[in-house]
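Here is a friendly walk through one model, in questions and answers. Have the coordinates open and follow along.

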Amino acid sequence: MPAISRRAASLGTENAFVVLAEVNALARAGRDIISFCIGQPDFPAPENVQQAAMRAIQAGKHGYTPSAGIDELRAAAARYMAALRGGLPIRPEDVVVGAGAKPFIAYAILSTTDYGAGDEVIYPNPGFPIYESQILAHGATAVPIHLHEARGFSFDPRALERLITPRTKLLILNYPHNPTGGLLSRKELEAIAAILKNHPQVWVYADEIYSRLAYAGEFFSIAQVPGMYERTIISDGASKTWAMTGWRIGFTSNPQLAPVFTRWITNTDSCASQISQWAALEAINGPQDTAEAMRRSFHERRDLIVGLLNRVPGVECQVPGGAFYVWPNVTEACRMIGAQDSEEFRKRLLNEAGVAVLADIHFGARVPGEGQHVRFSYAASRQAIEQGVARISDFIRNNTKRAA
């Protein structure tokens, strides 16, 4: 048989979907599994959004659109992103609509680095696993910047300064953050921007898909720092705010790179689904009460799961600033039950307690000296949170006795 390329063989994945397959297999076998592994809202898309999609279908809006998206959605997304970010001067022509926000990770790397040239991309670790996967697949050098629990899962700007070299071409920032829920403060973003002033060759990819799910005050983007707007790629979308993950609509803004991203879309997807684009237009322009209700629900669930986890033996959980994830430290819990690490802990939770979470190693190499962590997505019902954490507590107590 012909061989596949080294690039394809080394391509990473998103382990949430791998674990989901394990969960589904156990469920088909009759096991009762409470899952916290998938990061998507557990709500339907708002009714007005669903109706807009049906109107688009009935109106025959089934064909291709311009690669950058329909004009109406680009204009609405420009207004929306600008309003959320302190009135940035985002124009419709600066916005490109894609089949979700995820493709723009690849487009940003492809547009700012050259294959095999030694160009470097700095990305958060732990972090969304597709960052590292896409950096390597496109022939750049992946440079992780470690996030630390003692800093609320952010990084010391001085560490960033040490990592930047003349070959650094792109810095990826994600806030609110997947998987920790951490949120970079305005002060931290201003400190990062101050460092970048000395390195004008570095672009910033601001992954702000959780921008409407920030709980610690008003959301602030690094693009709002003076001098940063032109060099920041702002990435947002419909998936998390309006529970539209499967509709696949993202929108990204940068005045210089928008035409480049448009050409990438022409070369790959042609365009995002026209039906989904009209639905996203309604999501932005229509009533926001459903989106705000979802946000309040996630905020309440965050407080619930943090409180419950901090009562579990051997578990310590910080209060995250946004998104719908918690990243509890389970170092002591692993020791108590005799688990070698968080991955063994995760597997045992799934198979022995019927609770599905993700281990820290699913989000990059474990940060030295930071202990063991797992990720919960609390985009789950209150009942599931209460029952799932109770199972974990019982599991640790019962297995501690056996280990002793």
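Q: How much space lies in the largest pocket?
A: This is a predicted model, in which local features need pLDDT of at least 70, side-chain atom pairs count only at pLDDT 80 or more, and totals for chains, interfaces and linings use all residues. Residues are numbered from 1 along each chain as its sequence is written, and side-chain values use heavy atoms, with hydrogens and water left out. On a 1 Å grid over the protein atoms alone, a pocket is an open set of points with protein on both sides within 12 Å along at least five of seven lines, while a cavity is a set where a 1.4 Å probe fits but cannot get out. Taking volume as the space filled by probe spheres set on the points, which are joined across faces, edges and corners, the largest pocket holds about 540 Å³.

Q: Which element gives the most residues to the lining of the largest pocket?
A: Lining residues have an atom within 4 Å of a point, and of the 30 here, Glu-14, Gly-39, Lys-102, Phe-128 and Lys-240 are the closest to the centre. Two or more residues come from each of α2 (15–28), α6 (129–137) and β6 (203–207); helices (H or I, at least four residues) and strands (E, at least two) are DSSP runs numbered from the N terminus. With 3 residues, the top contributor is α2.

Q: How many charged residues are in the lining of the second largest pocket?
A: This pocket has about 170 Å³ of space, and among its 19 lining residues Gly-12, Pro-129, Glu-132, Ser-133 and Gly-364 lie nearest the centre. The largest share of the lining, 5 residues, comes from α6. Ala, Val, Leu, Ile, Met, Phe, Trp, Tyr, Cys and Pro count as nonpolar, Asp, Glu, Lys and Arg as charged, and the others, Gly among them, as polar. On that basis the lining has 9 nonpolar and 9 polar residues, and the charged count is 1.

Q: Which strand gives the most to the lining of the largest cavity?
A: The largest cavity has about 110 Å³ of space. Leu-147, Phe-155, Asn-174, His-177 and Leu-184 are the closest to its centre, out of 14 lining residues, and the lining divides into 10 nonpolar, 4 polar and no charged. The most, 3 residues, come from strand β5.

Q: Why is helix α5 largely enclosed by the rest of the structure?
A: Buried means under 20% relative accessible area, exposed over 50%, and partly exposed in between, with a 1.4 Å probe and protein chains only. The buried residues of α5 include Phe-104, Ile-105 and Tyr-107. The helix is largely enclosed because the number of its 10 residues that are buried is 8.

Q: Which strands stand at the edges of the open sheet of 3 strands?
A: The order is β9-β12-β11 with antiparallel pairing, where two strands pair if DSSP finds at least two bridges between them. Each edge strand has a single partner, so one side of each is left without a neighbour in the sheet; these strands are β9 and β11.
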